[in-house]
Structure formats: C-alpha cells, structure tokens
Amino acid sequence: MFINNSMAEHLASIHGTEKDRINCPFFFKIGACRHGDKCSRLHNRPSSSQTILLVNFYKNPALSAPIGKDGLPELKDPYTVQYKFEV
C-alpha cells in the first residue's frame, strides 16, 4: 500500500497529540497514563532510554511515620520537622 507524502506529514504532525487516536498522548509525553493497562490507546515503550528509573529512591514520609493508636500516622510538630530538615 502506498501512502502519499501529504498523508505521512499529517500523521507525523498529530503523533503524540490529542488528535492521535492510536497512541496515548499522556504516555507519549510523560511515560505514564492514569488509565494504565485499561487505556484504549497504545503505550509505546522504548526499548532503550537515556532516563534511569530509581524505584523507591525517595521515602514517603507518611509511610515511614510511626503509626498511632487510631491506625493513622502520628502528627509531628512542624517546627521540629523543619529544624531537622535544615540541619
């Protein structure tokens, strides 16, 4: 099948935009999509990338905080937390 030059240019101009009904524009731009595997569009994952993903590089303070009697994280004094952060 032969695709003329103007059709190829049109497809190239809409790739990764909202007008592209095949490829997911969110996944194309940031590498993530809120719909995940349920997304109706394609998520093209590159075979190689210059970006390195470091899983669990930063600790979530809410997950590392001690748990209180009610099952929720214990509240900390914001001034103490700020002081420890700056020191």
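**A colleague's note on this predicted model**

1. You will find F57 in the loop between α2 (25-30) and α3 (61-64). With a relative accessible area of 53%, F57 is exposed, because the cut-off for that word is over 50%.

2. Now to the cysteines. How many disulfides does a search of the whole structure find? The count is zero. C24 shows why: its closest cysteine sulfur, in C33, is 3.7 Å away, too far for a bond, since a disulfide needs the two sulfur atoms within 2.5 Å. C39 is in no disulfide either, and the nearest cysteine sulfur to C39 is that of C33, at 3.8 Å.

3. Are C24 and C39 buried or exposed? C24 has 3% relative accessibility and counts as buried. C39, at 15%, counts as buried too; the limit is under 20%, so both values qualify.

4. Finally, a word on confidence. The chain has a mean pLDDT of 78, with 80% of its residues at 70 or more. Confidence is highest in helix α4 (residues 78-86), at a mean of 85, and lowest in helix α1 (residues 5-14), at 67. Where pLDDT is low, predicted coordinates should not be read in detail.

Terms used
Residues are numbered from 1 along each chain as its sequence is written. This is a predicted model: local features need pLDDT of at least 70, side-chain atom pairs count only at pLDDT 80 or more; totals for chains, interfaces and linings use all residues. Side-chain values use heavy atoms; hydrogens and water are left out. pLDDT is the predictor's confidence in each residue, from 0 to 100. Helices (H or I, at least four residues) and strands (E, at least two) are DSSP runs, numbered from the N terminus. Buried means under 20% relative accessible area, exposed over 50%, partly exposed in between (1.4 Å probe, protein chains only).
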